[in-house]
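Subject: Structure handover

Hello,

Here is the structure I promised to pass on to you. Please open it next to this message, and then read on for what turned up in it.

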Amino acid sequence: MFKWLSSIFGAPKPSGPAETMRRFQTTDSTLSRDNVKVADGGWVVDSKEGQTIRLFEIRDPQVEQCLITYRAMMKSDSLAGRAYLEMWCRLPGGGEFFSKGLNRVVKGSTDWASHEIPFYLKKGQRPDLIKLNLVVEGKGRIWLKDIEVLKTPLDS
């Protein structure tokens, strides 16, 4: 019975290894310019209030039936509130859908740690735009580095 339920409600199984779609460097400009600076081999965000920092977009990524993973190293200093990764996928004719890293947040003062969020695409779901954000709920400083997007093919 458990096998049957997880086949219906469980995540699809990978059918191959993860591949890097895009890795971002400090030479890549972030979409949000206010409160974002290049520092220490990555980016630092000085937040005075809750906000969504638009980092990068991937236009026409040429993917379907795969797991998209948005991954970054993050740390924080004196963050009142929390911060987490957020990814939006726009499906032509279907709207925009998101994945939020609410289960893996930074708050207070933390050291570097890896954070990632998944987005599952079914057969026929081909996004024309992937948006990569950092959501900050409060005041403080957040660092990001090693930002990358991976794709892993999935069984049908």
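Where is the place of Pro12? Pro12 sits in the loop that runs between α1 (2–9) and β1 (19–23). Before going further, please keep in mind that this is a predicted model.

**The pocket**

With a relative accessibility of 36%, Pro12 counts as partly exposed. Setting aside neighbours within four places in sequence, Pro12 is in contact with Tyr120, Leu154 and Asp155. The largest pocket holds about 180 Å³ of space. For orientation, Pro12 and Val44 are 32 residues apart in sequence, and their C-alpha atoms are 35 Å apart in space.

**The nonpolar core**

The largest nonpolar core has 32 residues, and the members that touch the most others are Ile68, Leu134, Leu144 and Ile147. At least two residues of this core come from each of β3 (42–47), β4 (51–59), β5 (66–91), β7 (106–121) and β8 (129–153). Which of these supplies the largest share? That is β5, with 11 residues.

Beyond its neighbours within four places in sequence, Ile147 is in contact with Arg22, Arg23, Phe24, Trp43, Leu55, Phe56, Tyr70, Arg71 and Ala72.

**Cysteines**

How many disulfides does the count come to? The count comes to 0. Cys66 is in no disulfide, and the nearest cysteine sulfur, that of Cys89, is 8.7 Å away. Cys89 is likewise in no disulfide, its nearest cysteine sulfur being that of Cys66 at 8.7 Å. A disulfide needs the two sulfur atoms within 2.5 Å, so the separation of 8.7 Å rules this pair out. Cys66 counts as buried because its relative accessibility is 4%, and Cys89 is buried too, with a relative accessible area of 0%.

**Two backbone angles to look at**

If you check backbone torsions, two residues deserve a glance. Most residues other than glycine have a negative phi. Asp60, although not a glycine, has a positive phi of about 45°. Asp60 lies in the loop between β4 and β5 and is partly exposed, with a relative accessible area of 47%. Ser78 is not a glycine either, and its phi is also positive, near 50°. Ser78 is found in strand β5. Is Ser78 buried or exposed? With 54% relative accessibility, Ser78 counts as exposed.

**Pairs brought together from along the chain**

Pro61 belongs to the loop between β4 and β5. Pro61 counts as buried, at 12% relative accessibility. Pro61 and Pro127 are 66 residues apart along the chain, while their C-alpha atoms are separated by 7.1 Å. Not counting residues up to four places away in sequence, Pro61 touches Met21, Pro127, Asp128, Leu129 and Ile130.

Gly138 lies in strand β8 and counts as buried, at 14% relative accessibility. Between Gly138 and Lys48 there are 90 residues along the chain, yet 7.0 Å from C-alpha to C-alpha. Which residues is Gly138 in contact with, leaving aside its neighbours within four places in sequence? They are Ser47, Glu49, Gly50, Leu79 and Ala80.

Asp111 has its place in strand β7. Asp111 is exposed, with a relative accessible area of 60%. Its contacts, apart from neighbours within four places in sequence, are Met74 and Lys75. The C-alpha atoms of Asp111 and Met73 are separated by 9.7 Å, for residues 38 apart along the chain.

Best wishes

Conventions:
Residues numbered from 1 in each chain as written. Predicted model: local features only at pLDDT ≥ 70, side-chain atom pairs only at ≥ 80, totals over all residues. Heavy atoms only, no water. Buried < 20%, exposed > 50% of the residue type's maximum accessible area, 1.4 Å probe, protein only. Core = buried A, V, L, I, M, F, W, Y, C linked by side-chain atoms within 4.5 Å. Helix = DSSP H or I, 4+ residues; strand = E, 2+ residues; numbered from the N terminus. Contact = heavy atoms within 4.5 Å. 1 Å grid on protein atoms, 1.4 Å probe; cavity = no way out; pocket = protein on both sides within 12 Å on 5 of 7 lines; lining within 4 Å. Points joined across faces, edges and corners; volume = space filled by probe spheres on them.
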